[in-house]
Amino acid sequence: MSTVRILIGTTKGVFFLRSSAARKAWQLEGPYLPGRAIYSLAHDGRGERPRVWAGAASMHWGAVMVSSDDWGQSWDEPQEANLKFPAESGLELKQIWQIAPGRDDEPGTLYCGVEPAALFRSTDGGKSWDVVRGLLDHPHRERWQPGGGGLCLHTIVRDPANADRMWIAISSGGVYRTEDGGRSWAARNKGIRAEFMPDKYPEFGQCVHKMAQHPSRPGRLFAQNHWGLYRSDDAGDSWKDIAHGVPSDFGFAMTAHPHDADTVYIIPIESDTVRMAPERKLRVYRTRNAGRSWEPLTRGLPQRNVYDIVLRDGLATDSLDPAGVYFGTRNGKVYASNDSGRSWRLAIDGLPSITCVRAAVVADRPAARAVTPRRPARRAKAPRPKPRQAARR
Amino acid sequence: MRVVFLIPTPLRPFAEGRSRLDLEVAGGPLSLGDALAALGKAAPGVRDRVLTERGEVRPHVNVFVGTESCRWTGGLATPIADGAEITILPAISGGAR
């Protein structure tokens, strides 16, 4: 048996929704790290215990990377800020936008993307972090421009077959790829339109909002752009428009199906100025043929008077079959599907504005099994809120 | 010279739970920057939450020397007298949330 958790980052803390593998009824846990803005969450299942990582930003005290090995009951928070720019860079950490565990064969490796746009890497399980110099010192940096969310590195895509290759995306800088483990990075935006630039197809400067990849086909990438929906079949060397049959090619969220390399989900938004659900209908769009066509998924979703949207990390899938698909909205609603998006249920309403969603499937542990001791640390403990029952819907 | 830092509740986990830190700081005359450097040695977790990695007071943190905000008295160059109380407080903020 296994337990499924939806990890939910909000502008005011972390919440979890817990369910059995049936994924029909959800129990709310949290808030954890109350009051802090959580723009990034990750579940790292590579160690002996599942670990949750959170990029926690306090309006007053800054942003720091924290982790929990007991689903939020306690948090390891470092004494000293663990993500720091080199002094000579003149940069200051503002927000942690993305956390990505490394490959399975490098269990101590973690990456995170931050604002101002930079990539940090840890090779000791998150105890220490170093900025990736090849990107920090990139000659394009001075010409990257912040989007509405700031100049953020928000997407990290690894290549499961090639440890030296990785893609990242920056708003607004576009897609960059390394082939040498981060020492050098090349812009990979050919074919992606920059509607807001006089030159509509510059080498870099695009506002890519999210990328998706299926690990079985690492060289094929999908991108939801600030205007534009794209696929690359050559590891980002070139991109093709695949916005066929969507109500808007503006949007943020995009995620891949866990088992079908041709299936991708997006949630379109009406224009960068209106930013409401197109036609005021809440619709997830799915392609099952790698972008040749898209179908709306609406069963169980409200189809009138919807002014809500989903941000770039607000859409996620789990690893079960049929896949669970989950999204959280700016207005604090979480919708869940346990049948790959065919139907949806409102799992919880009334949360703070949702910034990111992740899903984790964890095998239930036998009751008699020994528990790994917690990491010792000179670290602060966060308060332990009591779980409460979410509505069954 | 002796300076006293008054630590707000959210930062006490980074100061071994203490609400005030009495520090002896060598030399003089002292500036607020000197005092914060001494705080950084005694409680680096507090320092990192008060100052950015560029060494500037975070925008939503107020540091008072006596009863006056350092923003109006010279920032980190504010002179510190022997026995001064330095109060760290979260600023009023968050109206957009």
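Two strands are taken as paired if DSSP finds at least two bridges between them, and strands themselves are DSSP runs of E with at least two residues, numbered from the N terminus. The model described here is predicted.

In chain A, strand β20 (residues 264-268) is mostly covered, since five of its five residues are buried. The side chains are divided between two directions, with A:Val264, A:Ile266 and A:Pro268 pointing one way from β20(A) and A:Tyr265 and A:Ile267 pointing the other way. The pairings of β20(A), both antiparallel, are set out below.

| Partner of β20(A) | Bridges | Residues that stand opposite each other |
|---|---|---|
| β19(A), residues 251-256 | four bridges | A:Gly251 and A:Pro268 |
| β21(A), residues 284-287 | three bridges | A:Tyr285 and A:Ile266 |

Elsewhere in chain A, A:Gln303 is found in the loop between β22 (295-297) and β23 (315-317). A:Gln303 counts as partly exposed because it has 14 C-beta neighbours inside 10 Å, a number that lies between the cut-offs of 12 or fewer for exposed and 20 or more for buried. Although A:Gln303 and A:Arg280 are 23 residues apart in sequence, their C-alpha atoms are 6.9 Å apart in space. When neighbours within four places in sequence are left aside, A:Gln303 is in contact with A:Lys281 and A:Thr298.

Between the chains, 16 residues of chain A are in contact with 18 residues of chain B. The side of chain A that touches chain B consists, by class, of seven nonpolar, five polar and four charged residues.

How values were computed: Residues are numbered from 1 along each chain as its sequence is written. Chains are lettered from A and ligands numbered from 1 in the order in which they are written. This is a predicted model: local features need pLDDT of at least 70, side-chain atom pairs count only at pLDDT 80 or more; totals for chains, interfaces and linings use all residues. Two residues are in contact if their C-beta atoms, placed from the backbone, lie within 7 Å. Ala, Val, Leu, Ile, Met, Phe, Trp, Tyr, Cys and Pro count as nonpolar, Asp, Glu, Lys and Arg as charged, and the others, Gly among them, as polar.
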